[in-house]
Amino acid sequence: MLADGPAGDSWKAFREDLRALHEAAGSPTWDTVATWSGVARATAHSYFKDSDKRVGNGSWASVGKVIDGLIRYADRSGTRSAVSEVQRDIRGWDGRWTRLDGPGQAPAVRGAPRGVGMLGGWDGAGLVALSADVSAQFAHWAANHPHLDRLAAIIAQTGELGYPREAADLAGKLVARTVEATDERHPASLAARHAHSYWTGQAGDPRRALEMTDVLRQECEQYLGAGHTLTLLARLRAAAWQQSVGLVAESRRAYAELARMNPAPDQQFVLLARLGRAEGLGMAGEPAEAADQLSPLLPDLDRTFGAHHPVTVRARITHANCTLKAGHQRAAYELLKSLSDSVAGHLDRAHPVTLLLRAYTVFSGWHVEPLSTTLHQARELHEEAGSLLGNDHPLTLTTQNLLGIALYDVDRVQAKTVMTDVHKSLERVLGPENPSTLNAAHNLATAIHTVDGAEAALPHYRTTHDARQRVLGPDHPDTLHTANNVAKAIHTVDGAKAALPHYRTTHDARQRVLGPDHPDTLRTAHNLAAAIHTVDGAKAALPYYRTTHAARQRVLGPDHPDTLRTASNLAAAIHMVDGAEAALDLYRATHAAQERVLGPDHPDTQRTAGNLARAVRWLSQQDPLQ
């Protein structure tokens, strides 16, 4: 095997070389591979099958873990010498996998785990690579053009004040005036086009921004050279726009190419590319892997930008958020509180990154602090953001969206009122099809669902789903999140039979896009099993329940409320298929865990308690000694 892959390389050849590594490592069992890699046995085994299909579900992270696990196993089991240096080259494997994962392959893993069930996310701020340094586009600005200088400054201020559409309109005028004053090849004209494409995307048209940036990248490279600041900025922003519209595989490759520049024309762009790549892993449902990549990156950012530079602070926020998504809520909260203390006095209180840090701190506190504390902090943050930035600033509206989520577990009627206001404001400020507006529309539909019922929410879900399909694409994780809620609402309104095809379509898409073990995929798998149970009976649903329960135990843990909900349904299906006695142990274990985790009065606990009581009563009636 060559680290770079042979000429005419293929996934079939990649799999052959994986099998050769497995053999060199002593052919460990698949249980052993799973233990050493941390990747599920069946998933790891699938990478070694003789096939020409892509290895993995679109994410290098799990493939890399399997390769690394085999190498470490060989080192510990006495077969170290049998594994060649080329086989040990993780970077070589990574590069080869990335090249094979090129145009024409299946979609990559996308999206990120949700912590709030049917609700969508709350973070309306831009991607790190886009928000890192807006002024970079004016680094090669024209001299001796005072009017254009003033217009450029006005555009930056207009955007910072929260008016991206107005900034985009002004940037279009700046492009025309600059071309007149210089020519279309002049760095100033290209810098103006950077501003135009950037604010076009921030105003709610990321697809158009990506098209503009791709053309701009080609022309910057042609006129200025591959190593010029504006060329590198175009490459970096193109990768970020790809990520924002759901083209995560393409974004991952673009970031990887920037991060591997050797020699690097500009070290700052390499670091930003590494940061974007790590953030992409977090979006792709690999928060632990993202945190692992961020840990060695953070000291480099400290040295290059400074510990309190907005780029560095944003990277530490991302690191803490990945820690949160990996299930370490308390650790994430402590990281963010410590970062807040460190930043105090260095960044202005009204700086967007400062407010973003406080918002993340409130959100992480929502997982570990009393609801009353989180609600108080969310109200305080929203009021302060409004006084500092104005009520219509997108970041102020982000904090209002966070307030609505904090209210959701306390007063859902009030949460619906707040979410209605957020959605109306975002429609007015950013436009009806801006991704942030659609996120608020999704949350509002969910609030309507819980307050007014599924029938009232269904048209809102459908409108949002149609818009997300147009803006983000049918396979974007946010589009699929709304699709799942559409199916749930149809289930309630029109019955399980009407919902079943929607569940199947969404489950198939989530498996393809996110992978079979992603929490969102498992949520749809649970709903699909329940619909099959109703339509086709318990026997047909039983294998779906078993598969989903095993996956949720592995991914979420045995005591997670979602795992226990599937366990309760699995017990009920076993009861109907194999009898009460076969289900009794699972009923008892699930009920005990739900009492411990959720409390005796929780609806899930009470439902399992009722099923358990019926099973015990039926068995007692069958016992001739009773």
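Biologist: Why is Thr-35 called exposed?
Modeller: Its relative accessible area is 65%. The cut-off for exposed is over 50%, so Thr-35 is exposed. Bear in mind that this is a predicted model.

Biologist: What makes Ser-27 partly exposed?
Modeller: Ser-27 has 42% relative accessibility. Ser-27 sits in the loop between α1 (11-24) and α2 (30-37). Its phi is positive, about 50°, although Ser-27 is not a glycine.

Biologist: And why is Asp-421 called partly exposed?
Modeller: The value for Asp-421 is 38% relative accessibility, so Asp-421 counts as partly exposed by the cut-offs of 20% and 50%. Asp-421 belongs to helix α20 (residues 412-430). Between Asp-421 and Gln-400 the C-alpha distance is 8.8 Å, at a sequence separation of 21 residues.

Biologist: What does the chain come to in secondary structure, and how much of it is buried?
Modeller: There are 29 helices and zero strands. Of the 626 residues, 54% count as buried, which means under 20% relative accessible area. Among contacts with a separation of 6 or more, 66% join residues 24 or more positions apart.

Biologist: How do you know that α19 and α21 are roughly parallel?
Modeller: They pack at an angle of about 20°, with axes 11 Å apart. Angles under 35 degrees count as roughly parallel, so α19 and α21 are roughly parallel to each other. The crossing is left-handed. On α19 the contact uses Asn-401, Ile-405 and Tyr-408, and on α21 it uses Asn-439, Asn-443, Thr-446, Ala-447 and Thr-450. By class these are three nonpolar, five polar and no charged residues.

Biologist: What makes α21 and α23 roughly parallel?
Modeller: The axes of α21 (residues 435-452) and α23 cross at roughly 20° and come within 11 Å. That angle is under 35 degrees, so α21 and α23 are roughly parallel. Their crossing is left-handed. His-442, Thr-446 and His-449 of α21 meet His-481, Thr-482, Asn-485 and Ala-489 of α23. The contact has one nonpolar, six polar and no charged residues.

Biologist: Why are α27 and α28 called roughly antiparallel?
Modeller: Helix α27 (residues 561-578) and helix α28 (residues 580-597) cross at roughly 160°, and their axes come within 8 Å. Angles over 145 degrees count as roughly antiparallel, so α27 and α28 are roughly antiparallel to each other. This crossing is left-handed. Contributors to the contact include Leu-564, Ala-571 and His-575 of α27 and Leu-586, Tyr-587 and Thr-590 of α28. By class the contact of α27 with α28 has 14 nonpolar, four polar and two charged residues.

Biologist: Which residues of the largest nonpolar core touch the most other members?
Modeller: Tyr-545 and Tyr-587 do, in a core of 63 residues. Helix α19 (residues 394-408) gives the largest share of this core, eight residues. Leaving aside residues up to four places away in sequence, Tyr-587 touches Ser-568, Ala-571, Ala-572, His-575, Thr-608, Asn-611, Leu-612 and Ala-615. Another core, of 27 residues, lies apart from the largest one and has Tyr-255, Met-261, Val-270 and Leu-301 among its members.

Biologist: Which residues are buried in α24, and what do they pack against?
Modeller: In α24 (residues 496-514) the buried residues include Leu-500, Tyr-503, His-507, Arg-510 and Leu-514. An α-helix has 3.6 residues a turn, so residues three or four places apart point the same way. The buried residues of α24 pack against α23 (477-494) and α25 (519-536). Just after α24 comes Gly-515, with a positive phi of about 100°.

Technical notes:
Residues are numbered from 1 along each chain as its sequence is written. This is a predicted model: local features need pLDDT of at least 70, side-chain atom pairs count only at pLDDT 80 or more; totals for chains, interfaces and linings use all residues. Side-chain values use heavy atoms; hydrogens and water are left out. Helices (H or I, at least four residues) and strands (E, at least two) are DSSP runs, numbered from the N terminus. Buried means under 20% relative accessible area, exposed over 50%, partly exposed in between (1.4 Å probe, protein chains only). Contact means heavy atoms within 4.5 Å. Axes are lines fitted to C-alpha atoms, for helices over the stretch in contact, and angles run from 0 to 180 degrees between N-to-C directions. Angles under 35 degrees count as roughly parallel, over 145 as roughly antiparallel, 65 to 115 as roughly perpendicular and the rest as oblique. A crossing is left-handed if the near helix is turned anticlockwise from the far one by less than a right angle, and right-handed if clockwise. Ala, Val, Leu, Ile, Met, Phe, Trp, Tyr, Cys and Pro count as nonpolar, Asp, Glu, Lys and Arg as charged, and the others, Gly among them, as polar. A nonpolar core is a set of buried Ala, Val, Leu, Ile, Met, Phe, Trp, Tyr and Cys residues joined through side-chain atoms within 4.5 Å.
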